[in-house]
Amino acid sequence: MSVVLVSCGAGIDSGTEEALTAARALAAAAGLPLAWAIVGVPEDAAAALAACHGVARLDVLADTRLADAGPDLLVAALAGYCRQRQPGVVLFNQTAVTRLVAPRLAGRLGAAVVTNAFALRFADGALEVTATAFGGDTHVIYRLTTATRVVCLTTTTLTAEPAASAGPVVRETVAVDLDGVVERFRVTSAPRTEGPRLEDAEIIVSGGRGFGSAANYELVRQLAGALGGLWGGSRAIVDDGWIDSSRQVGLTGKITRPRLYIAAGISGASQHMAGCAAARTIVAINKDQDAAIFRYARYGIVGDCLEVMPELIKAARS
Ligand SMILES: Cc1cc2nc3c(=O)[nH]c(=O)nc-3n(C[C@H](O)[C@H](O)[C@H](O)COP(=O)(O)OP(=O)(O)OC[C@H]3O[C@@H](n4cnc5c(N)ncnc54)[C@H](O)[C@@H]3O)c2cc1C
């Protein structure tokens with residue numbers, strides 16, 4: 001039995017190191033070897049990371065059709081891989097892609113599956129997984145007793161730490177049989193992705209419904225520009241059409257980890273915080289001193305964002 005982290009995609013997703021750290025801790029506590037299975041991920045970059053994180057074996061799933069695979073091919077490839085390796089725990093760093101793949105893989109394997117997980121440990125022969133539920137408001141502990149368990153980790157509250165000591169990483173190429181697998185998903189349009197990504201931003205200024213109108217939201221863009229950061233917002237203003245969904249921060253939007261997150265006119269709903277709670281410093285501006293956002297903020301300004309923001313823009317520009 002082993003613990004395996006699975007990564008799929010053209011690059012190394014943010015949160016991968018956090019997931020590797022959690023996978024290593026779980027494997028070490030149970031005395032199990034840690035493997036990392038990659039599909040499409042650049043092999044040399046993964047090997048370097050594997051060496052820092054105490055991965056015993058790097059499994060490279062090899063098939064030309066996996067270079068840019070959709071969910072059908074990924075599920076088939078990973079099911080074949082798991083049948084060969086029989087891991088006890090299959091972990092994913094939760095992304096839009098792995099959220100699609102993990103439950104289907106679990107279905108193929110007859111395995112239990114948990115998504116939105118943020119803590120896991122073995123207890124009394126079961127894998128105990130703590131996850132958020134009901135849009136982030138509730139924490140649930142699941143006890144998984146199937147031979148294989150599939151878990152999607154949300155990594156915003158996890159920290160990445162390299163292993164104190166690490167041995168050599170064995171690289172293995174694993175052949176998978178994709179004969180007869182037909183990809184039924186076709187991407188007909190994708191969100192605009194030009195420019196830097198919110199997920200990678202060091203500074204984010206986000207606005208919420210407290211701005212009152214799309215025109216007032218311009219203040220958010222101006223402050224972000226003055227600070228050399230990116231602008232984002234809550235789902236409420238995406239729904240109202242003020243900004244594009246690619247700018248939404250939160251559970252159903254972008255998961256960010258900036259150094260500085262300024263949240264103006266945002267209430268601090270748990271679903272929003274799921275996308276920014278990992279920020280090193282949160283500054284909140286809200287006219288309601290009891291707003292939930294102040295529970296997360298290091299610095300808080302109780303005031304009208306339409307008055308405070310112009311002052312901040314002036315200060316940032318000078
Ligand atoms: C399954 C699910 C998933 C969700 N996913 C997300 C998600 O990914 N991201 C997300 O953001 N939300 C998400 N939501 C919605 C979330 O629950 C909240 O409804 C949303 O975040 C609220 O947005 P808001 O804070 O901008 O608006 P509001 O809740 O309306 O809050 C506005 C805030 O602005 C303050 N305010 C008003 N006027 C001013 C002023 N002039 N100056 C300063 N402050 C002012 C108010 O005091 C208030 O705190 C999700 C909900 C569900 C159920």
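Which elements do the buried residues of H2 pack against? I opened the notebook with this point, working on a predicted model.

**Entry 1: helix H2**

I looked up helix H2, residues 43-52, and listed its buried residues as Ala 46, Ala 47, Leu 49 and Ala 50. Viewed down the axis of H2, these buried residues fall within an arc of 165 degrees, so they line one face of the helix. I then answered the opening question: the buried residues of H2 pack against H1, S2, S3 and S9. Just after H2, I noted Gly 54, which takes a positive phi of about 70 degrees.

**Entry 2: the sheet**

I traced the strand order next. The sheet is open and has 9 strands, in the order S7-S6-S5-S8-S4-S1-S2-S3-S9, and its pairing is mixed. I recorded strand S7 (138-144) and strand S9 (170-175) as the edge strands, each of which pairs on one side only. On average, neighbouring strands of this sheet are turned by 35 degrees against each other, direction ignored.

I examined one pairing in detail. Strand S5 (residues 112-123) and strand S8 (residues 149-153) run parallel and are joined by 4 bridges. For Ala 117, I found the bridge partner in S8 to be Leu 153.

**Entry 3: helices against the sheet**

I followed helix H1, residues 16-30, across the strands. H1 lies across strand S1 (3-8), strand S2 (34-39), strand S4 (89-93), S5, strand S6 (126-133) and S8. Its direction runs at about 165 degrees to S1.

I then turned to helix H3, residues 71-85, which packs on the sheet and touches S1, S2, strand S3 (57-62), S4 and S9. The direction of H3 makes about 135 degrees with that of S3.

**Entry 4: two exposed residues**

Is Ala 175 buried or exposed? I located Ala 175 in strand S9. Ala 175 is exposed, because its relative accessible area is 58% and exposed residues are those over 50%. Leaving out residues up to four places away in sequence, I found that Ala 175 touches Ala 62 and Gln 84.

I placed Thr 145 in the loop between S7 and S8. Thr 145 is exposed as well, with a relative accessible area of 63%. Between the C-alpha atoms of Thr 145 and Val 97, which are 48 residues apart along the chain, I noted a separation of 26 Å.

How values were computed: Residues are numbered from 1 along each chain as its sequence is written. This is a predicted model: local features need pLDDT of at least 70, side-chain atom pairs count only at pLDDT 80 or more; totals for chains, interfaces and linings use all residues. Side-chain values use heavy atoms; hydrogens and water are left out. Two strands pair if DSSP finds at least two bridges between them. Axes are lines fitted to C-alpha atoms, for helices over the stretch in contact, and angles run from 0 to 180 degrees between N-to-C directions. Contact means heavy atoms within 4.5 Å. Buried means under 20% relative accessible area, exposed over 50%, partly exposed in between (1.4 Å probe, protein chains only). The arc is that of the directions from the helix axis to the C-beta atoms.
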